[in-house]
Every structure is written in structure tokens, then in C-alpha cells.
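Hi there,

Here is the structure I promised to pass along. Please have a look at it first, and then read on for what turned up.

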Amino acid sequence: RFPFTEPLRVPWTGCFGGILPDDGAADCLAMKGFSVTTMTLADGHTLDLYDLHAEAGGTARDQALQVADYAQLAEFMIAHSAGRPVILAGDTNLHVDRSDPGDLDSGDAAIWADFLSATGLTDTCGELSCPEWASIDKAAYRDGPGMDLTPLSHSYPAADFLGPDGEDLSDHLPLAVTFGWDDN
């Protein structure tokens, strides 16, 4: 119904954590990074869709890699999606809890805020007042010439993502965000 281009997969330039005990979160054992594809909507309107899986862990080395990862993604997005509408979603591995005043000053909150500012993206929870603001699974978006995006809903429909045995399919709840769009 809505065609996609072939996804482009971009790994992070660094990682920390392997098989041996090293205080890392075993990030080097997974292909983490981001991907981008272009989706065509009605009348030839297009937008770029990004999916990401960021560095996990809570050490100083992990935090430095998270800063680098989001800088890498922002630089890529600024070049690749210049002036285009964008939707980004995925496992940010950033713990930002607005109900904990100390957390708003943490490195994770600054990384997310800096990334949003650099790319012109808006966190969907900021628009929809999500009760799950602290979730590491996030979605963000920005409008572009010819398209205004509006987040309509933000939910975690866990019951829709169960295996035949009734068990969760992932260690994360699925994130579903519905968007509306208009010509601008």
C-alpha cells in the first residue's frame, strides 16, 4: 500500500561490551546502529523513516559512545534527509524520566535533547503527554516541505505481540505511534 525503498543500514562507529566481563552491556555482540528507508504515501509524497538501536549500559564509556552515536545519527540525518519530513523510532537506550527531577539533569536527558535540537525532531511524547515518557523506546518526527505530520496516538500494544505460547516476543513492549499528515 505504501512502498518503501531498500533500507540503508548504518552501524555505529564504536561499541563497548563483549563476551568477557568488562562492565559493558555486550553491545559489540549485536549489530547496533540505525537504518533509513523512504516511504511513498498518496500522490507521491515521501518521508524518510529511521529505525535505531543505540548503545546500552551505564558506564562512562557507554555514555561517551551514546554521545558519539547520536552525533553520528544527527550528522547523517542532516545530510541525508535535509529538508525532508522524517519519522524516527526505536530503542534509544536513553533513560529520561520527567517525574524524577534529578534524571532531567542526567547525561541521557542531555543526549536526547541535543539530538532533537540538532535534527529539528519533536518527541511524540512531548506532543501527546505520554504516561510512558521514561520508556527507552521512543518516536520522534519533523515536518518537511509538502507534508505536516501530526502524532495521533502513542501506545504499547503488548497483547498484539505474543508468541503462540502467550509469551512476549521481545524484552521490550512494542511501540505503536499513529500519524496523520496533510499537505502544507
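A question to begin with: is cysteine 125 buried or exposed? Cysteine 125 counts as buried because its relative accessible area is 6%, and the cut-off for buried is under 20%. Please keep in mind that this is a predicted model.

The disulfides

Cysteine 125 has a partner: a disulfide joins it to cysteine 130, with an S to S distance of 2.5 Å. Cysteine 130 is buried as well, at a relative accessible area of 9%. The angle about the S-S bond in this link between cysteine 125 and cysteine 130 is -100°, which makes it left-handed.

Searching the whole structure gives 2 disulfides. The other one ties cysteine 15 to cysteine 28, at 2.1 Å from S to S. This link of cysteine 15 and cysteine 28 is right-handed, with 115° about the S-S bond. Both cysteines sit in the loop between β1 (8-11) and β2, 13 residues apart. What about their exposure? Cysteine 15 is partly exposed, since its relative accessibility is 35%, and cysteine 28 is also partly exposed, at 37%. If you number the bonded cysteines in sequence order, the pairing reads 1-2, 3-4.

Leucine 29 has a relative accessibility of 54%, so it counts as exposed.

The nonpolar cores

Now to the inside. The largest nonpolar core is made of 26 residues, and those with the most contacts within it are Tyr50, Leu88, Trp112 and Phe115. Two or more residues of this core come from each of the strands β2 (33-40), β3 (46-53) and β4 (86-91), and from each of the helices α1 (60-80) and α2 (107-119). Apart from this core there is another one, of 8 residues, including Met39, Leu41, Leu49 and Tyr141.

Best wishes

How values were computed:
Residues are numbered from 1 along each chain as its sequence is written. This is a predicted model: local features need pLDDT of at least 70, side-chain atom pairs count only at pLDDT 80 or more; totals for chains, interfaces and linings use all residues. Side-chain values use heavy atoms; hydrogens and water are left out. A nonpolar core is a set of buried Ala, Val, Leu, Ile, Met, Phe, Trp, Tyr and Cys residues joined through side-chain atoms within 4.5 Å. Buried means under 20% relative accessible area, exposed over 50%, partly exposed in between (1.4 Å probe, protein chains only). Helices (H or I, at least four residues) and strands (E, at least two) are DSSP runs, numbered from the N terminus. A disulfide is a pair of cysteine sulfur atoms within 2.5 Å.
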